[in-house]
Amino acid sequence: MKELTPHDGASSPFDAIRRTRADGSEYWSARDLMTPLGYGAEWRNFVSVVDKAQVAAGNQGYNVADLFVGVTEKGAGRPREDFELSRFACYLVAMNGDPRKSEVAAAQAYFAIRTREAETSPAIDLSDPLAVIEAETARTRKAVEIARGERIRAEKAERKLAAEQ
């Protein structure tokens, strides 16, 4: 079995879509997650994967409502169903995704590694403003690295496309 190695986050689309609540807890929007998992923009193609992940969480004795927080997004059109997913919920979604998709395999590895990193890393003392600022600064640096990587990939894809035309 291949050993899990720490992930630097510099090239992960999953870090790029991670969100943080005011209390410092992290989550991922299920709607944001469906595209990097290879499901495109059709919610109906992805919600069944989320449903299977919820069943798996419930069968393991977890409180599904804590891991998969149901929300309604209100925008220009009709309100849309979404979920705020914990890291473990994302892992379960990836595990219940289509195994033929390379994006699903990448997500499985990412969330397995990142979950292990979170389990073994020291917790941030939220009562210490300096520690919170340092953690956010580090997170911002990683986000900038990810954005740079995504920009480089997009520029390469544009050059390749232009060369093919």
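1. Glu 73 stands opposite Arg 80 in strand 4. Strand 3 and strand 4 pair in the antiparallel sense, over six bridges. A pair of strands here needs at least two bridges found by DSSP. A hairpin of six residues joins strand 3 to strand 4. Val 71 also faces strand 4, where Asp 82 stands opposite.

2. A word on the basis of this note. This is a predicted model, in which local features need pLDDT of at least 70 and side-chain atom pairs count only at pLDDT 80 or more, while totals for chains, interfaces and linings use all residues. Residues are numbered from 1 along each chain as its sequence is written, and side-chain values use heavy atoms, with hydrogens and water left out.

3. Confidence comes next. pLDDT is the predictor's confidence in each residue, from 0 to 100. The protein has a mean pLDDT of 83, and 92% of its residues reach 70 or more. Residues 1-9 need care in reading: pLDDT stays under 50 there. For this stretch the model has 15 contacts beyond four places in sequence, a contact being heavy atoms within 4.5 Å.

4. Now the overall layout. The protein has seven helices and four strands. Both are DSSP runs, numbered from the N terminus: helices are H or I with at least four residues, strands are E with at least two. From the N terminus on, the order is α-β-β-α-α-α-β-β-α-α-α. The C-alpha trace spans about 55 × 45 × 40 Å along its principal axes.

5. The four strands form an open sheet in the order 1-2-4-3, with antiparallel pairing. Strand 1 (18-20) and strand 3 (68-73) are the edge strands, and each pairs on one side only. The twist averages 40° from one strand to the next. Angles run from 0 to 180 degrees between N-to-C directions, and axes are lines fitted to C-alpha atoms, for helices over the stretch in contact.

6. Strand 2 (residues 26-29) and strand 4 (residues 80-85) run antiparallel and are joined by two bridges. Here Ser 29 stands opposite Glu 84 in strand 4.

7. Two helices lie across the strands. Helix 5 (residues 87-95) lies across strand 2, strand 3 and strand 4, and runs at about 110° to strand 4.

8. Last, the largest pocket. A pocket is an open set of points on a 1 Å grid over the protein atoms alone, where a 1.4 Å probe fits, with protein on both sides within 12 Å along at least five of seven lines. The largest pocket has a volume of about 870 Å³, which is the space filled by probe spheres set on the points, with grid points joined across faces, edges and corners.

9. Its lining has 24 residues, each with an atom within 4 Å of a point. Gly 24, Glu 26, Arg 87, Ile 124 and Ala 135 lie nearest the centre. Helix 7 gives the largest share of the lining, six residues.
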